[in-house]
Structures are given as structure tokens and as C-alpha cells.
Amino acid sequence: MNMNLNIKKRDERQLEDWLAQDCHGLNFFEIDNSLKDLLTLYLPEDLRQHMTPIYQRLGEIAGNRLDDLARLCDRHAPVLHPRDARGRNRDWIEFHPAYREMEKIGYGDFGIHCMSRKAGVHGWPEKIPPMAKYVFQYLFTQSEFGLMCPISVTDTSAMLLERYGPEVAKDKYLARMQSQDMDEIYMGGQFMTEKIGGSEVANLAVTAREENGEWRLYGDKWFCSCADAEVCLVLARPEGAPEGNSGLAIFAVPRHLDDGERNNYRIVRLKDKMGTKSMASGEIIFDGALCYPFGDVGAKRNPGLRQMMDQVSMSRLSHGVRAAGMMRRCLNEAMVSSKSRDVFGEPIINKPLLRRQLLKLMVPTEQALSMVMHVASILHKAESGDKDAEKLNRILTPLVKFRACRDNVTVATGALEVRGGNGFIEDWVNSRLVRDAHTGLLWEGTSNINALDITTRAIAGVGAHESLAEDLKDRLQDAKNLPGQFAGELSGLVDRAKKFAEEIAASGNETQARQAADALYHVTTATLLATEGEALGKAGGDARRMLLSRLVMDTRLKPHDPLSNSDGRFEIEAGNCLLDDKPVPLDVAADLLRI
């Protein structure tokens, strides 16, 4: 992490100079050596060269203007105006001007919502592949988490509309949902949750009726993020359709009708949320709103939930990316704070216990970055027709959503503690990072839901764990420069994790589903870190990810006696390398792994 901190000598400081510095003003791309290294592995060289200047530009904006705007928006939440001056139900949401400027950055300037849906964004002749697109989300989220929900939802709503929507809705809305012109863009929303059903969507009760050849929606939606979207996709049950999941269908619902009048639904309240305060989430009442069905729907089995799961999968990956970005910001804040905060005569980064704490923030941060780059590359192969990649994607996506979002909470809290009491004050970014981090535990399925998806569907249903283990062992086999004993031990842990997860899935023991998901996530990331470090070191670069792999193994995949007094030699030596900006040569990393 290269950063130029202006730390004054002790005898030159004013009182305010004794407060720890923060990351504001830095270029979030330029200081992220881990990301820049991994781009050489995961992006084709021509794409990497093309995108790097654009990433640099976003990194500069994220560390400066976007960071300022995000702080403003966190203090000035959206306001719902239910009626106009004449008392008509013409509800509209008032946003702070800073939010509109953030929208222009995300949608207009960088086209994050459309770069993988149409060719030509940022001058790239084809659609930008996922592993390049998600870098934009990763950098943007380091300053602003809330707006990434509307950006991601617009992306996935356009995807669903293009794949499954009726031609009339495509003709009306698709081009505008993929536009970067802020005067014509249609932003998307997806309204699923109801009072009667959140994770259990089979209970959804909003009803669609066919009236005079048109479909109309009736009922309440309880939690609708992006409440002011111009086009929202709604899961509803056509009148007479069977109960349960099989009766649900998707409908595209415009906010305004062709004549400019408001469609027949109202935003009745905005949610007073713990986090993501910049973005408007609300409650919606449909009272005969015109809508467009996805497919030939009616009083029969409908494909809505299966179609919507395409969005859920993409959104889960996006949440993993957001968690990775937020953890990077938290780690960077902790590193800057520890280098610029003196306690007992020296910077606290020199204190042994604090160094250990920084490692505990670094390891999950690097795990998440490796995981999201890997999953994005697998997604790209799956979207190109690779059936093996489709199977891998089926288990990798809920894995990254499950663990990265959980780790985000721990890392955000740890970074706040490194700053000390100031981290608890809203003048600094840490408290907002803690609040926003909890959102990832809830959206697109809680930890329990994702863990059960892994064990009961991805493993018991399609056997995706077999493909995962085979892929990981192939990667280890190809990494010839890893010490043999280390590679063999890691390969054995892959086998054990696969066997354990399979046993849990076969037994139906739901109480250990999270333990099984943890095991698979940690062996996957330990393998990725090891093989990435080997590849980078072999090319003459930084092999430090090999050391991170060993730390994952030691702390997450091996038994530990809390009452033992080990010397911790590897952790100390590895920490000295990892907390230093200097690259770690391959031979040095390999020697340390032999400790």
C-alpha cells in the first residue's frame, strides 16, 4: 500500500496534528497494490492497458470528490413528499444535490450500470467483461455504498428485461435503462419483499389481474430500495395462479405512463435505516398499476422466481464486490491511522499487538478481493457458454456473498477501533462504514439463507462442490513453485472441506451449514491466494499472497488450542513482510512457508 503521508516531526506539531490521518485525498486505485497485481492475472493484457487510466481516474474521484459527496448524503437523507400543493397523491422524493452529482459520476461518467450490457462504453469495442466491470464497483464503493444498490439494480433489471421481458417493454425502456445521458436515463428497481414474505418468497401476495387486455397490480410491497426508479420489476402472483413459488411472475412497472401521468402506485413511507442512508428505500402500495408481464403468465405455473434468480445471483456477487471494496477502505483507514497516530512515543503500527490486529483485518480483505476477481472471471466463462464454469458459479457466488459480507462487519469494526474514540464520531468515515457493512448481511439473503443455498442446492442438488474441489486441486498442481509440503497440506484441506460439506449436505444437518460454507470459502481463498502469489512471484513480482494463504490455513482451517502458548514465529515474520510496502520475492515467501 503506497501512500505519501505528510507526518510532521513531533516537535513541529500543533495539537490537531496529533490526531491520526485518514484516507481522504488519496487515489484509491494507486494505493491498492493488491488490485493492480491481480489485474495482471485476471484481465487480458489489452483490456488491462485500456482500463487502467480509467481506473486511475475513478480512484482519484473516489478518494476526493466522491468521498465528500458521500459524507454529505449520509447527513442529508432523502425526503418523501407524499402530495402536491393541491393535495393529489403525486409523491416524489427529494434528494440532496450531492446525491444527484454522485448519480452523474456512477451512471453518466462511468456507466457502471451499462458497461456489461452494451458495447462501446469507455471506448471498449465489446461489452466490458465482469472482471473488469466489478473493479469499478469495488473502487466506487470505497466511498459510497448506498448508491451502488440503484446502479447494480439498474444493471440487473436491464439484464432481466433483455432476457425475458416482452417486446413492448423492451422497446419502451431498455435503451433508456442502458443510457449514460442523465436527461434520458431510466433507473431500475426491483420490488420483492412483502410483510408476509421476505426470504420466503412463496408467501408473496401482491396480485396481478388482467383487465381489458392489460395487466394491473394490487397490493403492498414492504421494502423497496430505489423506491423512485423509473422502471421497477415486481414479483407478483397472477390472479388464479397456484400458491407457492410456481405461481409467481415478473412484471415491469413504469413509474410514469406514456402520457406522462403517474402510474397507479404510491410511495407511502421511506424507511429510516441504520445504514445506506443516501439511498431511498420505501413502502409501495399498488392500486391498479399498469404492468407488463414477462412471458405468457396467468392461472398456471409461472417462471418468475426462476427468472428472478438470475438477478439474485448477480446481486449476490455485487454484494461480495461491495464488501471487498468496503474492507479495502477499512484496511486502508487502519493502516493510515496506525502510521500517523503516536502512542507512548512511537507510531502504533510498531506495537506488536496492533500489528497482529492489522493482520486480522488484512487477511479477510485480501481473501475477498481474490474471491471476487475469481468469481467474476468464472462468471465471464459461464456467460460465454462454459458449462463447467456454470456449475462452479453456482457455488462460488453464494460463498462470496456469505463470507465476505460477514467479514466486512468485523473488519469495519476493527478499523474503527484502530482509530480509537474518533472512529466513533460521525466526522470520520469509520462509523458510516460500520453501519453500511451490516446491510450486506441482509440484502439478497441472510447468512443462513446463503449457507443453506450452498448445502441444500449447490452441493446436494447439483454436486457443485465436486467441481470446486477439482478446480482448486488443478490450480495447486499447476503452481510448481509452491513448496511441496505446503501445497500438499493445502490440497489435503481441500479434500477435507469437500468431504465435510458433502456430509453436512447429505445429513440435512442445517445447524452446521454455515460451518460447511466457511470451510469451502476458506479453502477456496487459501488456494487462490497461494496460486496468485506463486504466479506473481514467478513473473518477478510480489509473492506476498502466498503468506496470506498460510495465515488463512493457520487461523481458519486448522485446530487451535486457546490455552497454548505458541511462539508465533511464522505470523511475526509474515507480518513484517505484509505490513511493509516492499514486494516479497518468491524465494523469500517460499522460505517463510517452510517455518
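**Charged side chains in a predicted model**

Let me begin with K300, which is partly exposed, with a relative accessible area of 34%; here buried means under 20% relative accessible area, exposed means over 50%, and partly exposed lies in between, with a 1.4 Å probe and protein chains only. This is a predicted model, in which local features need pLDDT of at least 70 and side-chain atom pairs count only at pLDDT 80 or more, while totals for chains, interfaces and linings use all residues. Residues are numbered from 1 along each chain as its sequence is written, and side-chain values use heavy atoms, with hydrogens and water left out.

K300 sits in the loop between β9 (281–293) and α8 (304–340), where helices (H or I, at least four residues) and strands (E, at least two) are DSSP runs numbered from the N terminus. The C-alpha atom of K300 is separated by 6.6 Å from that of G247, although the two residues are 53 apart along the chain.

Now to the salt bridges, by which I mean a side-chain nitrogen of Lys or Arg within 4 Å of a carboxyl oxygen of Asp or Glu. By that rule the count comes to 50, and one network of them links D22, D67, R71, R329, E333 and R419.

D471 counts as buried at 17% relative accessibility, whereas R475 is partly exposed at 25%.

Helix α16 holds another pair four residues apart, D554 and R550, whose side chains meet in a salt bridge at 2.8 Å, N to O. In this pair D554 is partly exposed at 25%, and R550 is buried at 11%.

What does a salt bridge between K558 and E489 tie together? Their side chains meet at 2.8 Å, N to O, and since K558 lies in the loop between α16 (545–556) and α17 (569–578) while E489 lies in helix α14 (residues 484–507), the pair ties together parts that are 69 residues apart in sequence.

Finally, consider E534, which is placed in helix α15 (residues 513–538). The side chain of E534 does, however, reach the backbone nitrogen of K480 at 3.5 Å.

Conventions:
Polar contact = N/O pair within 3.5 Å; in protein donor to acceptor, adjacent residues only side chain to side chain.
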